[in-house]
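This briefing covers one structure, shown below. It takes up the arrangement of the chains, their contact, and selected residues.

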Protein chains: 2
Amino acid sequence: MVVQPFSEGSQSQIMNAVQPASLIATLAGTLPDGGLLTADEDLARYSRDWSGDHFGRPLAVARPASVEEMSALMRRCNEERIPVVPQGGLTGLVGAAVAADSGEVVISLERLNRIRSVSPIDFAMVVEAGCILEDAKRAAEENDCLLPITFGAQGSCRIGGNVATNAGGFNVLRYGMTRDLVLGLEVVLADGRVWNGLKVLRKDNRGYDLKQVFIGSEGTLGIVTAAALKLYPRPTQIETALIGLRSVEEAMALYARARRDCSDLLTAFELILRGGIEITLQARPDFADPLARPYPVYVLVEVSSGGLVDLQAMLRDFLAGAADLVEDGVMASSRAQGERLWLYREIMVERQGRGGRYLRTDVSVPISKLADFVTDALAALERTRPDALAVTYGHVGDGNIHLNVVPPEGMAAEAVEHLFEEAEEQIFAIVDRYAGSISAEHGIGRVKQKAFLDRIDPVALDLAAGIKDAFDPRRILSNGRILASKSSLDYR
Amino acid sequence: MVVQPFSEGSQSQIMNAVQPASLIATLAGTLPDGGLLTADEDLARYSRDWSGDHFGRPLAVARPASVEEMSALMRRCNEERIPVVPQGGLTGLVGAAVAADSGEVVISLERLNRIRSVSPIDFAMVVEAGCILEDAKRAAEENDCLLPITFGAQGSCRIGGNVATNAGGFNVLRYGMTRDLVLGLEVVLADGRVWNGLKVLRKDNRGYDLKQVFIGSEGTLGIVTAAALKLYPRPTQIETALIGLRSVEEAMALYARARRDCSDLLTAFELILRGGIEITLQARPDFADPLARPYPVYVLVEVSSGGLVDLQAMLRDFLAGAADLVEDGVMASSRAQGERLWLYREIMVERQGRGGRYLRTDVSVPISKLADFVTDALAALERTRPDALAVTYGHVGDGNIHLNVVPPEGMAAEAVEHLFEEAEEQIFAIVDRYAGSISAEHGIGRVKQKAFLDRIDPVALDLAAGIKDAFDPRRILSNGRILASKSSLDYR
């Protein structure tokens with residue numbers, strides 16, 4: 001189930017099998033009017049994810065508007081063994097949040113979207129799971145703070161999804177993953193009980209840190225309804241530069257120096273291979289080649305700070321000191337210019353697939369192996385699939401590369417499928433050789449499950465299954481994501 | 001069992017009850033010669049912790065020298081249901097690592113003390129659990145890196161204990177707790193299986209992040225044998241200042257400004273009330289009052305960075321801009337002078353108890369409540385126990401205060417016990433009022449178990465017990481720490 005086409009036929013078979021009328025009556029009683037959607041036209045927008053790659057028509061969509069409603073809903077689902085899948089902004093890339101073919105009720109977080117509090121003195125905010133990330137970021141900014149989670153989908157993704165997937169993004173280098181920014185959680189458990197772990201304490205060693213178990217568990221262990229998040233001071237200065245380099249090796253050498261010279265003020269260090277810049281140039285004729293001539297490799301560097309540091313001088317001195325590596329570069333002279341430099345990267349990401357499907361990978365290796373990984377993986381693809389376009393970019397300060405594969409135009413669907421399988425297998429084999437991860441930030445969901453289970457140490461699998469059994473003994477929560485599905489659909 | 005006096009009588013009863021001869025024969029077979037200590041004189045140094053407050057004579061001390069030996073040992077202990085307690089440097093403050101009265105085998109990590117690798121390019125090192133923190137820090141420094149975990153006991157504590165207790169310290173403000181610095185773990189499970197989660201990847205979202213479950217679990221879920229740790233660039237500049245202020249409120253106002261003005265280059269912001277400075281002055285006549293006249297409140301501020309920032313100017317400009325708050329202050333003009341400023345804090349910590357016992361607390365509240373907490377707690381103690389000396393200091397950037405209570409000299413042991421109970425109850429009641437934590441960084445162990453269990457949400461307790469059951473079904477690992485003991489000593 002890498003990519004499943006939408007099929008009306010198989011959907012209606014499921015609808016019959018689970019007797020939706022009685023299911024709907026069961027759930028409707030737990031929510032006020034309007035809380036449960038069942039009409040075909042209402043379900044459509046909960047059935048397809050943002051990438052367009054994954055579909056799954058839910059049995060129904062429940063939209064609790066309070067923790068109490070969520071609790072009542074889950075109590076009932078657990079009693080009746082009704083499988084559910086919590087759903088945020090549907091921007092995940094591993095097919096975790098759309099309903100499974102076996103029949104699931106989607107629990108949308110969209111009505112639980114309040115910002116409960118922002119405290120600039122505590123450098124903390126409490127946000128409900130359905131709050132859109134950009135709204136939370138804006139509320140932080142209005143309080144002169146920074147919520148550092150930053151990535152392309154921030155205008156659509158929701159905080160609960162960020163927590164459930166331990167979202168990464170551009171600024172992990174400095175501020176960490178979502179996990180590192182969570183101070184506390186409120187979670188509705190599989191059986192409807194509420195675990196109130198919301199707190200804005202920055203240090204708390206009272207026994208097991210339960211929130212860690214929920215973060216990154218992709219909705220399989222509980223439904224996050226609110227999160228207390230760590231904030232940072234809003235930077236008063238941001239400096240951005242786009243640098244042209246001879247090779248990925250030299251980009252990594254530049255990173256090593258940036259890490260030291262820019263202290264902990266380095267916010268982003270993004271690698272883009274020439275092919276990525278060309279995608280932007282082709283897609284947007286209003287964008288000129290950013291440097292005087294083309295380079296095989298580019299990095300986008302960003303530093304930020306408060307007012308008492310001469311940040312521009314720091315970045316300039318750093319680049320001047322790296323003249324042996326830096327072939328050419330441009331430093332933004334205004335915020336607007338800095339944002340325009342970022343567009344070279346953002347447009348590339350949006351347009352890399354030429355509007356069609358492409359293979360996304362999201363791998364990590366030790367930083368010291370990153371250049372070798374890129375070299376080996378691109379050589380392998382070039383050797384076996386010279387017809388495909390490899391697009392390479394990533395958060396190299398985190399050792400995280402997105403090496404995506406775009407099929408030749410006009411290729412038949414079956415051949416595309418074969419290309420994706422072959423290319424993914426090749427890339428993952430090289431990841432294995434460098435003791436890397438087949439999922440650095442996107443998670444496992446359903447799309448990467450096979451590759452994950454093929455590689456997992458049986459001891460780790462046992463421990464994970466033990467946690468799943470303890471937290472969701474009836475396996476009603478996002479069954480079949482991360483861990484293999486156990487059939488427990490005995491609610492018919 | 002807050003503080004248990006050593007009692008030969010009760011020890012020998014246990015020794016009889018568990019038939020040590022057969023126990024020793026059982027274990028000796030799993031380890032090479034010298035791996036198992038059983039003689040009274042050999043056990044002494046594994047029986048008493050660093051604070052001198054907690055004692056517990058083990059049934060025997062096992063000292064595996066490899067992961068394989070640890071694995072074989074645990075397999076046997078699990079089969080025979082022999083309760084064990086892993087032991088690092090014995091510097092913990094909650095009585096978790098000494099043997100329980102009910103009879104336990106201590107598993108010392110001291111022979112598993114290698115530094116397996118240091119990679120400055122990956123900013124990572126792999127260290128065995130028995131390695132002393134200071135040795136690990138030195139190895140990082142030799143590679144021009146910083147392992148940021150820093151606190152008083154660093155010359156004695158061991159990495160495994162740091163991980164098991166999620167150790168905090170002076171630099172949490174900038175670098176986080178030990179949890180934030182762990183990239184991977186190798187753990188021997190209760191049944192002897194080895195979970196190999198060692199890796200130096202900075203991003204890895206492959207399913208549940210199992211290492212999080214072990215970090216901070218105080219040896220109750222598995223025995224950490226090695227950790228991959230995140231390193232930072234070794235700072236080339238460090239600036240330190242000691243500032244005199246009028247009140248804790250103003251110290252917190254200064255912190256709020258420091259957080260913004262010093263960007264993320266602020267490494268420490270330590271609060272010391274006047275009483276603490278006086279302890280140092282009394283203990284060490286070679287130390288002068290640090291500022292021209294005494295102030296009710298002091299803060300020790302440290303910033304650090306690489307070479308391309310004018311760090312001294314930053315700190316000076318920050319202090320100049322806070323002239324409305326800063327009454328007086330001294331900025332160290334050399335590293336040696338900076339270290340001497342730190343001694344005012346370190347000597348106070350060592351000498352606060354006048355060589356005798358004192359009540360330690362380690363609480364946290366939201367940063368915005370910290371000044372109110374200190375005011376209320378000191379007023380309550382002054383009202384009810386004017387005879388006792390309250391010593392107040394802490395890592396206020398983390399909302400973490402150590403409010404310790406020293407009994408009057410010559411007070412009888414029973415009265416001291418009563419004083420401690422009364423004072424702790426008062427302090428914890430105020431912590432509760434501000435939604436704080438009764439253990440910010442020391443953990444729960446046995447000393448804080450009652451206060452912890454009195455306050456824990458039953459839902460949280462259920463989840464924690466579920467994890468314990470899944471990871472250690474026979475309850476042989478550090479039984480009775482954090483969670484209440486379940487009697488399962490059926491190995492007789």
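What rotation and what shift along its axis superpose chain A on chain B? In this predicted model, the superposition takes a rotation of 180° with 0.0 Å of shift along its axis, and the RMSD is 0.0 Å. The two copies are thus related as by a two-fold rotation axis.

**Extent of the contact between the chains**

- Chain A contributes 89 residues to the contact, and chain B contributes 89 residues.
- Lys203(A), Asn205(A) and Tyr208(A) supply 15% of the area that chain A buries against chain B, more than any other three residues.
- The area buried between chain A and chain B is about 7,000 Å², and carbon and sulfur atoms give 60% of this area.
- The copies meet through the same surface, because 100% of the interface residues of chain A are also interface residues in chain B.

**Polar and charged pairs across the contact**

- Between chain A and chain B there are 12 salt bridges.
- One of these joins Lys203(B) to Asp398(A), with the closest N and O atoms 3.3 Å apart.
- Polar contact between chain A and chain B involves 40 residue pairs, with both residues at pLDDT 80 or more.

**Make-up of the side of chain A that touches chain B**

- Elements of chain A that each supply at least two residues to this side include the helices α7 (172–175), α8 (178–181), α9 (210–214), α10 (248–261), α12 (311–321) and α17 (458–471), together with β9 (194–197) and β11 (232–233).
- The element that gives the most to this side is α17(A), with 10 residues.
- Sorted by class, this side of chain A has 42 nonpolar, 25 polar and 22 charged residues.

**Salt bridges within the chains**

- Over all chains, the count comes to 77 salt bridges.
- Arg114(A) forms a salt bridge with Glu128(A), and the closest N and O atoms are 3.0 Å apart.
- This pair links distant parts of the chain, 14 residues apart: Arg114(A) is in the loop between β4 (105–108) and β5 (115–119) of chain A, and Glu128(A) is in strand β6 (residues 124–128) of chain A.
- Is Glu128(A) buried or exposed? Glu128(A) has a relative accessible area of 4% and is therefore buried, the cut-off being under 20%.
- Glu128(A) also forms a salt bridge with Arg116(A), again with a distance of 3.0 Å between the closest N and O atoms.
- Here strand β6 of chain A, which holds Glu128(A), is linked to strand β5 of chain A, which holds Arg116(A), and the two residues are 12 residues apart.
- Arg116(A) counts as partly exposed, at 29% relative accessibility.
- In chain B, the side chains of Glu327(B) and Arg293(B) meet in a salt bridge at 3.6 Å, N to O.
- Glu327(B) lies in the loop between α12 (311–321) and β15 (328–331) of chain B, and Arg293(B) in the loop between α11 (274–283) and β14 (297–305) of chain B, so the pair ties together parts that are 34 residues apart in sequence.
- Glu327(B) is partly exposed, with a relative accessible area of 31%, and Arg293(B) is partly exposed, with a relative accessible area of 45%.
- Salt bridges that share partners join Arg114(A), Arg116(A), Glu128(A) and Glu186(A) into one network.

**Surroundings of Thr26(B)**

- Thr26(B) lies in helix α2 (residues 20–28) of chain B and is buried, with a relative accessible area of 18%.
- Leaving aside neighbours within four places in sequence, Thr26(B) is in contact with Arg76(B), Glu80(B) and Ile82(B).
- Thr26(B) and Cys77(B) are 51 residues apart in sequence, and their C-alpha atoms are 8.6 Å apart in space.

Key
Residues numbered from 1 in each chain as written. Chains lettered and ligands numbered in written order. Predicted model: local features only at pLDDT ≥ 70, side-chain atom pairs only at ≥ 80, totals over all residues. Heavy atoms only, no water. Contact = heavy atoms within 4.5 Å. Buried area = accessible area lost by both parts, 1.4 Å probe. Salt bridge = Lys/Arg side-chain N within 4 Å of Asp/Glu carboxyl O. Polar contact = N/O pair within 3.5 Å; in protein donor to acceptor, adjacent residues only side chain to side chain. Helix = DSSP H or I, 4+ residues; strand = E, 2+ residues; numbered from the N terminus. Nonpolar A, V, L, I, M, F, W, Y, C, P; charged D, E, K, R; others polar. Least-squares fit on C-alpha atoms with pLDDT ≥ 70 in both. Buried < 20%, exposed > 50% of the residue type's maximum accessible area, 1.4 Å probe, protein only.
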